[in-house]
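I opened this notebook to record what I looked up in a single model, entry by entry. The entries follow the order in which I consulted it.

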Amino acid sequence: MSSKPKRAKESGQAKGKGETRKRSANRPSKKDQIISLFLSGMGEIEDIAVITGARPSYVGSVLQEAGLHSGYFDLYTSTAHPQNIYSKFFAGKLGFKDEETAHESIELIDKLYRQFEYAGDRAGQHHALAMALTMFDRARWTNKGREAEVFLHWLMSRLNEAALEPYEEDEDAGGEPETIP
């Protein structure tokens with residue numbers, strides 16, 4: 001998924017009839033600039049983003065697609081790039097093209113969330129929550145409000161469940177109650 005906003009045929013409308021906007025033959029593409037900077041020793045995604053004027057999401061995806069960098073994840077990272085052991089359960093199975101697809105996605109997320117809950121796998125539950133939040137944000141920031149609401153309602157239900165649960169001290173949780181293990 002591109003991190004750049006879509007532009008409605010900007011190049012064709014900006015020029016006269018029959019003309020198209022072309023990149024100068026001497027000027028490398030943004031993608032080529034990113035790869036070149038990385039290969040020259042600049043390894044920080046945020047530095048490359050500043051120099052090229054690209055968003056960090058785009059830089060990260062270009063470097064991952066080129067096989068030059070791994071481990072960068074954000075809102076726009078494809079689920080084809082596994083983040084952890086839980087990613088495989090969601091890869092290529094979530095969408096929001098319409099409400100029906102969003103509902104199917106939530107059914108899968110909920111099923112996995114409940115399985116992780118049953119197994120006491122809090123990290124798995126967290127990943128399911130993160131996937132729902134990611135899909136919510138992707139939908140709302142592409143102006144798919146009804147689709148975004150499907151994810152929002154599920155997330156709010158899980159947060160309400162958490163608010164209603166009594167907090168118990170668990171000696172097996174590891175670490176002091178006021179610290180993060």
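**Entry 1. Overall fold.** I noted at the outset that the model is predicted. I looked up the secondary structure and found 7 helices and 0 strands. Along the sequence the pattern reads α-α-α-α-α-α-α. I then checked burial: of the 181 residues in the protein, 30% are buried. I also looked up how far apart in sequence the contacting residues lie. Among contacts with a separation of 6 or more, 52% join residues 24 or more positions apart.

**Entry 2. Helices α2 and α4.** I turned to helix α2, residues 30-39, and helix α4, residues 56-65. Their axes come within 10 Å and cross at roughly 75 degrees. Because angles of 65 to 115 degrees count as roughly perpendicular, I recorded α2 as roughly perpendicular to α4. From α2, the residues in the contact are K30, K31, I34, I35 and F38. They meet Y58, V59, V62, L63 and E65 in α4. Sorted by class, this contact has 7 nonpolar and 3 charged residues, and no polar ones.

**Entry 3. Helices α6 and α7.** I next examined helix α6, residues 122-140, against helix α7, residues 145-164. They pack at an angle of about 150 degrees, and their axes are 8 Å apart. The angle makes α6 roughly antiparallel to α7, since the label applies to angles over 145 degrees. I logged the crossing of the two helices as left-handed. On the α6 side I listed A128, L129, A132, L133, M135, F136, A139 and R140. Their partners in α7 are E147, A148, F151, L152, W154, L155 and R158. The class count for this contact is 12 nonpolar, no polar and 3 charged residues.

**Entry 4. Nonpolar cores.** Which residues have the most contacts inside the largest nonpolar core? I found F90, L94, I106, I109, F151 and W154 in that position, in a core of 22 residues. The elements giving two or more residues to this core are α5 (99-118), α6 and α7. The largest share, 7 residues, comes from α5.

Entry 5. Is Q125 buried or exposed? Q125 sits in helix α6, and I looked up its relative accessibility, which is 6%. Q125 therefore counts as buried, as the cut-off for burial is under 20%. Not counting residues up to four places away in sequence, Q125 touches Y113, F116 and E117.

At 43% relative accessibility, L133 counts as partly exposed. L133 is one of the α6 residues that meet α7, and I therefore recorded it as a contact residue that is not classed as buried. Finally, I looked up L133 against W154: they are 21 residues apart in sequence and 9.6 Å apart in space, C-alpha to C-alpha. W154 is listed on the α7 side of the contact with α6.

Technical notes. Residues are numbered from 1 along each chain as its sequence is written. This is a predicted model: local features need pLDDT of at least 70, side-chain atom pairs count only at pLDDT 80 or more; totals for chains, interfaces and linings use all residues. Side-chain values use heavy atoms; hydrogens and water are left out. Axes are lines fitted to C-alpha atoms, for helices over the stretch in contact, and angles run from 0 to 180 degrees between N-to-C directions. Helices (H or I, at least four residues) and strands (E, at least two) are DSSP runs, numbered from the N terminus. Angles under 35 degrees count as roughly parallel, over 145 as roughly antiparallel, 65 to 115 as roughly perpendicular and the rest as oblique. A crossing is left-handed if the near helix is turned anticlockwise from the far one by less than a right angle, and right-handed if clockwise. Contact means heavy atoms within 4.5 Å. Ala, Val, Leu, Ile, Met, Phe, Trp, Tyr, Cys and Pro count as nonpolar, Asp, Glu, Lys and Arg as charged, and the others, Gly among them, as polar. A nonpolar core is a set of buried Ala, Val, Leu, Ile, Met, Phe, Trp, Tyr and Cys residues joined through side-chain atoms within 4.5 Å. Buried means under 20% relative accessible area, exposed over 50%, partly exposed in between (1.4 Å probe, protein chains only).
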